[in-house]
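Open the model in your viewer and keep the selection tool ready, for this tour moves from one selection to the next. At each stop you will be told what to pick and what can be found there.

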Amino acid sequence: MIYTRHNLKYCMASIGELFFQWRDEQAGEGFRPISLSLAGPASEPIYSAVMVKYDPPFRSRSFHGITKDQLRATIDEMAALERPLFPYLIAATGSGSNVTYGASFREMAVKPFTKLNMFPNAFRDECTAQREAGRIPLWIDSFGAPDDVRYCAVWGANPGPIAWNLDAVNDVNPHFQERFNAMGSIGARSELLAMTPSGGIAQMFVDSRLKHGWSSEADMSGDRFGKALDEQKTAGFFPIRIATNVANNAVRYSAVFAKSDEILPRVFRVRGPEPIGLNAANRTKAAKIDEWMETYVRAHNFRGAAVAVVEGTRLVYAKGYTFAEAEPHYADIEPTTLFRMASVSKTFTALAVWKALSETDWSRNSAMQDILKLRKTDGTAPGGDFGAITVRHLLESNSGVNQGTVRDNTVYPTAEDPNGATQPLTMDDIRHAIADAPMTGAPGAQRANGKQDTKYGRTDYILLGLVAAAIAGRSSFTSALRHWLLEPLGMTRTRGSRSRIEDRSSDEAIQHSPTLETRVSAVHDDRRLIPIAYGYDNYEVYGGAGGLSSAVVDVARLGAMLNCRLGNPLFSMSVLDDLISDAVAATTNGGTHDGAHGWHGFDSATDDAGTVTLGKGGGLSAVGAGMWGKTGVRFIAIARNGEKVEGAPEAWNTEIFDLADKVDWGSGDLFPHFGMPTIGFQASGPVPVQPAGPILRPK
């Protein structure tokens with residue numbers, strides 16, 4: 001509904017009978033409350049409200065100037081009606097022990113959950129519990145005293161589901177403005193707000209979009225609020241939320257303004273070329289992948305995802321999936337859209353290092369320090385077993401270095417002590433930090449059962465990225481990656497991830513946290529609040545362990561290369577066989593104790609009669625990516641711009657693999673469609689048929 005002066009009415013700072021008279025007059029005209037705020041003493045509350053006229057009006061009852069016990073009794077009484085009414089607005093004023101409430105009730109399909117008197121930590125905890133229960137705040141308010149802030153709230157069903165965040169329970173500047181800016185940068189908007197007795201703002205942000213936009217302003221004097229109302233009215237906007245507080249005997253106001261209540265619907269759509277040369281029956285079978293992905297995307301509430309399927313060495317399927325507002329409000333995801341890869345970066349890194357070793361005199365048994373020559377902060381070389389670490393130890397995640405060093409020096413000091421760490425760190429800082437950190441074990445150490453003492457190689461793969469750069473004589477890992485891997489394979493859609501949202505390019509997906517979390521930045525000098533996906537992690541120093549962004553068509557290219565037995569553009573067959581054999585042996589020798597995984601760029605490599613299953617997943621805040629497949633058969637690449645929901649379908653790898661298995665993909669190849677040549681042996685005459693069966697490796 002578009003708001004006008006005929007269908008929206010508001011009342012500011014009205015006392016007692018005057019407010020009740022106004023409320024009843026508007027209700028008689030068919031108006032219903034959508035905003036309620038109480039301020040001032042419990043004995044004489046000051047009311048501010050917004051009422052809207054819907055066609056038809058919904059059933060509603062309102063009660064004001066009541067105690068907590070009276071409100072609880074009213075909630076029970078309304079719920080016991082033949083057609084029950086439930087609270088959707090609850091506001092309060094007064095102290096924690098002497099409080100006056102106002103409430104409005106309406107019909108709802110599902111009974112809401114209410115709490116009437118919470119301390120700040122209890123309010124935060126309840127928000128977490130209610131989110132996990134699938135609810136969303138319908139209304140919040142704050143009361144009490146500056147040194148004793150209290151909250152009341154109503155949570156209702158969230159079938160959307162709409163992502164929401166209420167970290168801002170008592171924000172003051174600069175955090176108030178920083179959080180507001182952070183939420184706006186990822187498309188979130190202010191839905192609910194309340195002013196706290198201590199002069200702060202409690203505010204809920206949601207990721208749904210209003211069709212005609214919105215604006216807000218906080219902590220206004222009466223004069224400023226009057227001017228804001230005139231300014232907004234000129235632009236066609238009206239107040240839809242009004243929050244109040246009394247400070248220095250004067251009413252202060254905060255408000256959200258909008259032109260309408262129309263929410264832009266989220267629409268599922270698919271982008272990407274159709275497979276080449278399929279008949280009608282096989283096109284129908286291939287379309288089952290899109291159907292499965294729609295179910296998957298909706299179940300996990302992803303705004304975007306992409307999938308690519310490689311059959312042998314050919315790219316046979318590549319699609320982008322968007323479940324968001326239609327363009328231009330939200331850009332379509334394409335098969336070429338870049339997503340953060342997180343730990344899938346390790347696959348790129350391991351392959352680049354194998355390429356570097358295959359073209360130089362360095363080997364897997366070369367000492368890492370012979371290549372990197374790392375120094376501690378004081379300029380000395382690390383002692384002990386540090387010099388015994390080999391490239392193989394890094395590839396197989398059993399170097400004995402502290403795998404938490406990088407994150408311990410970026411994320412955690414920033415989060416725990418925003419002013420106690422120099423950020424953002426550079427790669428030189430990381431080099432020193434790794435060299436400074438005590439070893440956690442001996443390189444290549446074994447457990448009592450004879451298995452390798454593997455620790456998932458986070459720091460190991462940062463070091464491998466440095467190894468690739470040092471051997472290439474390049475200044476950065478991404479430059480070395482282009483030299484060793486991307487250029488030989490003709491890949492143009494892979495680059496270093498960009499931590500700050502202001503550095504994001506239009507060809508990158510926006511990464512969405514399902515809880516719209518904010519954190520202290522590890523990549524801004526002023527330690528501002530940022531969306532958790534854009535600054536909590538310092539991707540620029542994660543390098544070979546998690547610092548890449550890529551498109552699924554590039555990730556799929558890696559799978560095609562692993563399947564290529566004739567004219568492989570990256571490896572000779574002996575090197576490829578060694579790579580796969582070493583990954584299988586390391587998986588077997590490393591075991592799965594304590595969640596250990598990560599061998600030669602893969603989470604695991606298992607051999608079944610010559611067909612090797614390889615997989616790698618990656619996930620960080622608002623990030624999900626993966627590659628999985630069987631050598632000589634097919635590989636699947638996936639990327640998502642959100643995090644998985646517990647209990648929703650997850651088996652994208654085997655599910656899509658099995659759907660693809662039902663399709664006769666013919667001889668088409670989509671790699672040229674994306675500017676990459678068909679991979680493998682090419683000739684002017686007939687192209688030799690590549691083996692479709694398992695890779696045969698020397699024993």
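Begin by selecting Thr337, which is found in the loop between strand E18 (314–325) and strand E19 (339–340); helices (H or I, at least four residues) and strands (E, at least two) are DSSP runs, numbered from the N terminus. This is a predicted model, in which local features need pLDDT of at least 70 and side-chain atom pairs count only at pLDDT 80 or more, while totals for chains, interfaces and linings use all residues. Residues are numbered from 1 along each chain as its sequence is written, and side-chain values use heavy atoms, with hydrogens and water left out.

Is Thr337 buried or exposed? Thr337 counts as buried, at 8% relative accessibility, where buried means under 20% relative accessible area, exposed means over 50%, and partly exposed is in between (1.4 Å probe, protein chains only). Now show the residues around Thr337: leaving out those up to four places away in sequence, Thr337 touches Asp332, Asp507, Glu508, Ala509, Ser550 and Ala551, a contact being heavy atoms within 4.5 Å. A polar atom of the Thr337 side chain also lies 2.8 Å from the backbone nitrogen of Glu334.

Next, select residues 539–546, which make up helix H15. To see them, colour Tyr539, Val541, Tyr542, Gly543, Gly544, Ala545 and Gly546, which are the buried residues of H15.

The following stop is the largest nonpolar core, which has 92 residues; a nonpolar core is a set of buried Ala, Val, Leu, Ile, Met, Phe, Trp, Tyr and Cys residues joined through side-chain atoms within 4.5 Å. In soluble globular proteins, nonpolar side chains tend to be buried together. Select Leu315, Phe348, Met368, Leu485, Met561, Leu562 and Phe571, the members that touch the most other members of this core. Helix H13 (residues 458–472) gives the most to the core, with 9 residues. If you centre the view on Leu315 and set aside its neighbours within four places in sequence, you will find contacts that include Val310, Val553, Leu670 and Phe674. A second, separate core of 32 residues can be picked out as well, and among its members are Phe20, Met51, Ala153 and Trp164.

Looking between the antiparallel strands E2 and E3 (residues 46–53), you can trace the 8 bridges that join them, and Leu38 stands opposite Tyr47 in E3.

The last stops are among the 41 salt bridges that a search of the whole structure finds, a salt bridge being a side-chain nitrogen of Lys or Arg within 4 Å of a carboxyl oxygen of Asp or Glu. Select Glu107 and Arg59, whose closest N and O atoms are 2.9 Å apart in a salt bridge. Glu107 lies in the loop between strand E6 (99–106) and strand E7 (113–118), and Arg59 in the loop between E3 and strand E4 (60–66), so the pair ties together parts that are 48 residues apart in sequence. Glu107 counts as partly exposed at 31% relative accessibility, and Arg59 counts as partly exposed at 28%.

Move on to Glu262 and Lys211, a salt bridge in which the closest N and O atoms are 3.9 Å apart. Finish by selecting Asp207, Arg209, Arg303 and Glu325 together, for these residues are linked in a network of salt bridges.

Terms used
Pairing = 2+ DSSP bridges. Polar contact = N/O pair within 3.5 Å; in protein donor to acceptor, adjacent residues only side chain to side chain.
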